[in-house]
Amino acid sequence: MAAMKFLGSAAGVLLLLFASSCAISQSEYEANYASSRRALLEGKLKEAMSSFEAQGREAEKNAATSSSPQQYWRTATRAYSEASRVAGFSGQYQKAIAYGEKALEMAEKTKEPSQLVYAISMLIDAHRAVRNFDKASELIDKGLALVTEIPPNTDARSTWETTLYLRLGWDLSRR
């Protein structure tokens, strides 16, 4: 009888471990640059793009039913931005633009300059990839105007100023 209880307990533990490993594989892609690069290096861009898109949709759904949706809009912005990055990595530039526009739409709901600039940065890259330099230049200007709204002497401000001035430099060199 004790052996049966032990086998039942062991089977239960194994089932829990299996279920948790399945859950981990479903959300193995965190919406950030490192995760997108890992997907590129591992040749799993399609899986990452699907994961980011699903995370974005889920965050949108949660925002619609939440009394304080800000965190969900941020999550959606990050997820769609990374979906845009991964689409660009895989050469699916129209998808990169579509995800970038979706990220910008979510970022506008946050009304946070750093979220807006994050989404704009992805859109700049997507438009440059399809050689739509006028739109990329317009987005650079929009991003540089927004970055002044981020508090000075912060990591976010330094990061986004650097990123946008780098893209501005590329744009000027191209011209």
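The protein chain exposes about 10100 Å², and carbon and sulfur atoms supply 57% of this area (accessible areas come from the Shrake-Rupley method with a 1.4 Å probe, and for residues only the protein chains shown count as cover). The model is a predicted one, in which local features need pLDDT of at least 70 and side-chain atom pairs count only at pLDDT 80 or more, while totals for chains, interfaces and linings use all residues. Residues are numbered from 1 along each chain as its sequence is written, and side-chain values use heavy atoms, with hydrogens and water left out.

Of the 175 residues in the protein chain, 37% count as buried (buried means under 20% relative accessible area, exposed over 50%, and partly exposed in between, with a 1.4 Å probe and protein chains only). The protein chain holds 8 helices and 0 strands; here, helices (H or I, at least four residues) and strands (E, at least two) are DSSP runs numbered from the N terminus. Read from the N terminus on, the elements are α-α-α-α-α-α-α-α. Among contacts between residues at least 6 apart in sequence, 57% join residues at least 24 apart, a contact being heavy atoms within 4.5 Å.

How do the helices pack? Two packed helices are described by the angle between their axes and the distance between the axes. Helix α4 (residues 70–89) and helix α5 (residues 93–110) have axes that come within 8 Å and cross at roughly 165°. Such axes are lines fitted to C-alpha atoms, for helices over the stretch in contact, and the angles run from 0 to 180 degrees between N-to-C directions. α4 and α5 are therefore roughly antiparallel to each other (angles under 35 degrees count as roughly parallel, over 145 as roughly antiparallel, 65 to 115 as roughly perpendicular and the rest as oblique). The crossing of α4 past α5 is left-handed, a name used if the near helix is turned anticlockwise from the far one by less than a right angle, with right-handed for clockwise. Residues making this contact include Trp73, Tyr80 and Ala87 of α4, together with Tyr93, Tyr99 and Met106 of α5. By class, the contact of α4 with α5 has 11 nonpolar, 7 polar and 4 charged residues; Ala, Val, Leu, Ile, Met, Phe, Trp, Tyr, Cys and Pro count as nonpolar, Asp, Glu, Lys and Arg as charged, and the others, Gly among them, as polar.

Among the residues in contact are Leu116, Ile120 and Leu123 from α6, and Phe133, Leu139 and Leu146 from α7. The contact of α6 with α7 divides into 12 nonpolar, 2 polar and 3 charged residues.

Glutamine 115 has its place in helix α6 and, at 10% relative accessibility, counts as buried. Leaving aside residues up to four places away in sequence, glutamine 115 touches Arg74, Thr77, Ala107 and Thr110. Leucine 172 lies in helix α8 (residues 155–174) and counts as exposed, at 52% relative accessibility. The C-alpha atoms of leucine 172 and serine 137 are separated by 9.4 Å, although 35 residues apart along the chain. Arginine 174, also in helix α8, counts as partly exposed at 37% relative accessibility. Between the C-alpha atoms of arginine 174 and phenylalanine 133, 41 residues apart along the chain, the separation is 9.2 Å.
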